[in-house]
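Trainee: Could you walk me through the enclosed spaces, the open pockets and the domain boundary of this protein? I would like to take them one at a time.

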Amino acid sequence: MELNIVCIPGDGIGPEIVAEAKKVLNKVASKYGHVMNFKDILMGGASIDVHGVPLTDEAIAQAKAADAVLMGSIGGDTNTSPWYKLPPQNRPEAGLLKIRKALNLFANLRPAYLYEELAAACPLKEEISKAGFDMLIMRELTGGLYFGERKTVEENGVRKAIDTLTYDENEIRRIAIKGFEIARKRRHKVTSVDKANVLDSSRLWRAVVNEVAKDYPDVELEHMLVDNCAMQLVKDPAQFDVILTENMFGDILSDEASMVTGSIGMLSSASLNDTKFGLYEPSHGSAPDIAGKDIANPIATVLSAAMMLRYTFDLDKEADAIENAVKQVLKDGYRTGDIMSEGCVKVGCRQMGDLLAERI
Ligand code: IPM
Ligand code: MG
């Protein structure tokens, strides 16, 4: 099979971790007889430095022409980087929002689970973590507060800022369908998270999710208020299978969920539209403080590449091979600094990539 993949190395540790993901993908290509064509495009600070904007129309066109996009991370230190002196629409993150919208990537899948080998890194009490957990956050990604009308005005000498939270029923329905479909491939449970005790957008969310649920009688549905969900994630994470939620709630809850795993350097994500196309990226950020030191953990990006093979290309065997290589490397006792524990062998980013490629 021929795979056309656009890569966005991005900023900070992005270029290092994407290089290791390519290394592993190249090994998959040679072992399973595929041709992988990689093309790099600029986004975020890297694009600002060259073009003055975080994402050019040409870069969008190149991404659109590919089968899938594999991304590292974008952004810098918001306190010190000159990128953050630019107007908001020219900062690195604006590039990310723009590509999500331009490619209609409305479904953001963020798995969070506890690796047996890394259980010691879980910040929860053992009586909670011993049950293990394996959840997937299905976050709506192109609507809500992120894309509603916003402005800052001055009225009678008082500054006032307005952000708007809008959802129409079609936007809710299509993400709900994605949530129920993926639950069918997992443990058949959807927890829909909203703030229906306060927000109209949440009351519509709940009503539409109930309508969609009628087509999935084999999937259990529960509704949970977002504040309660934030609590339940640290109290009893094992209760969750698929968490279905809107853009802003999903942003916050997915950081919380990844933190309770204790190993954010291990978590991948996928952003999908209603075709096979997807953008795949690690759940973590660009970690500018450790960039260029060969100490970043490339595993989240490598696992994002596995998700890409599974969701865009239907190459399940190859995706399994990558996921098994990750498990094997952990079993063999190799760790990057972020997941290091006593008795293990500490390795850098490049060596981790080599070790993973060897195990394909
Ligand atoms: C994420 C990030 C982005 C978001 C930022 C960088 C705009 O936090 O992917 O979760 O809020 O969606
Ligand atoms: Mg976030």
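Trainee: How do the residues of the lining of the largest cavity divide into nonpolar, polar and charged?

Mentor: A word on the ground rules: this is a predicted model, in which local features need pLDDT of at least 70 and side-chain atom pairs count only at pLDDT 80 or more, while totals for chains, interfaces and linings use all residues. Residues are numbered from 1 along each chain as its sequence is written, chains are lettered from A and ligands numbered from 1 in the order in which they are written, and side-chain values use heavy atoms, leaving out hydrogens and water. The lining of the largest cavity is made up of L165, Y167, V193, D194, L199, S201, S202, W205, E246 and F249. Sorted by class (Ala, Val, Leu, Ile, Met, Phe, Trp, Tyr, Cys and Pro are nonpolar, Asp, Glu, Lys and Arg are charged, and the others, Gly among them, are polar), they come to 6 nonpolar, 2 polar and 2 charged.

Trainee: Which element supplies the largest share of the lining of the largest cavity?

Mentor: Helices (H or I, at least four residues) and strands (E, at least two) are DSSP runs numbered from the N terminus. Both β8 (189-194) and α7 (200-213) supply at least two residues here. The largest share, 3 residues, belongs to α7.

Trainee: How many cavities does the search find, and how much space lies in the second largest cavity?

Mentor: On a 1 Å grid over the protein atoms alone, a cavity is a set of points where a 1.4 Å probe fits but cannot get out, while a pocket is an open set with protein on both sides within 12 Å along at least five of seven lines; lining residues have an atom within 4 Å of a point. Points are joined across faces, edges and corners, and a volume is the space filled by probe spheres set on them. The search of the whole structure gives 2 cavities of 30 Å³ or more.

Trainee: Which elements each supply at least two residues of the lining of the second largest cavity?

Mentor: That lining consists of R110, P111, A112, S254, A257, S258, L267 and S283. By class, they split into 4 nonpolar, 3 polar and 1 charged. The elements you want are β4 (107-113) and α9 (247-261).

Trainee: Now the pockets: why does the largest pocket lie between two domains, and which are they?

Mentor: The largest pocket has a volume of about 920 Å³. Of its 30 lining residues, L136, I182, M307, R310 and Y311 are the closest to its centre, and α10 (299-311) gives the largest share, 4 residues. The lining has 14 nonpolar, 3 polar and 13 charged residues. The pocket lies between the domains because residues of its lining come from both domain 1 (1-106 + 267-360) and domain 2 (123-260).

Trainee: Which element gives the most to the lining of the second largest pocket?

Mentor: This pocket has a volume of about 500 Å³, and of the 23 residues that line it, E93, L96, R100, H284 and G285 are the closest to its centre. Two or more residues come from each of β3 (68-73), α4 (92-102), α9 and β12 (278-282). Domain 1 and domain 2 each contribute at least three residues to this lining. With 4 residues, the element that gives the most is α4.

Trainee: Which three residues supply 54% of the area that domain 1 buries against domain 2?

Mentor: The domain bounds come from an automatic or database domain assignment, and the two centres, over C-alpha atoms, are 25 Å apart. Contact (heavy atoms within 4.5 Å) joins 12 residues of domain 1 to 11 residues of domain 2. Together the domains bury about 1,100 Å², 65% of it on carbon and sulfur atoms, where buried area is the accessible area (1.4 Å probe) lost on putting the two parts together, summed over both. On the domain 1 side, the 54% comes from R100, K101 and F106.

Trainee: How many salt bridges does the rule find across the interface of domain 1 and domain 2?

Mentor: A salt bridge requires a side-chain nitrogen of Lys or Arg within 4 Å of a carboxyl oxygen of Asp or Glu. The whole structure has 24 of them, including D40 with K22 at 3.0 Å, N to O. That pair connects strand β2 (residues 35-40) to helix α1 (residues 14-32), 18 residues apart. Across the interface of the two domains, the number found is 0.
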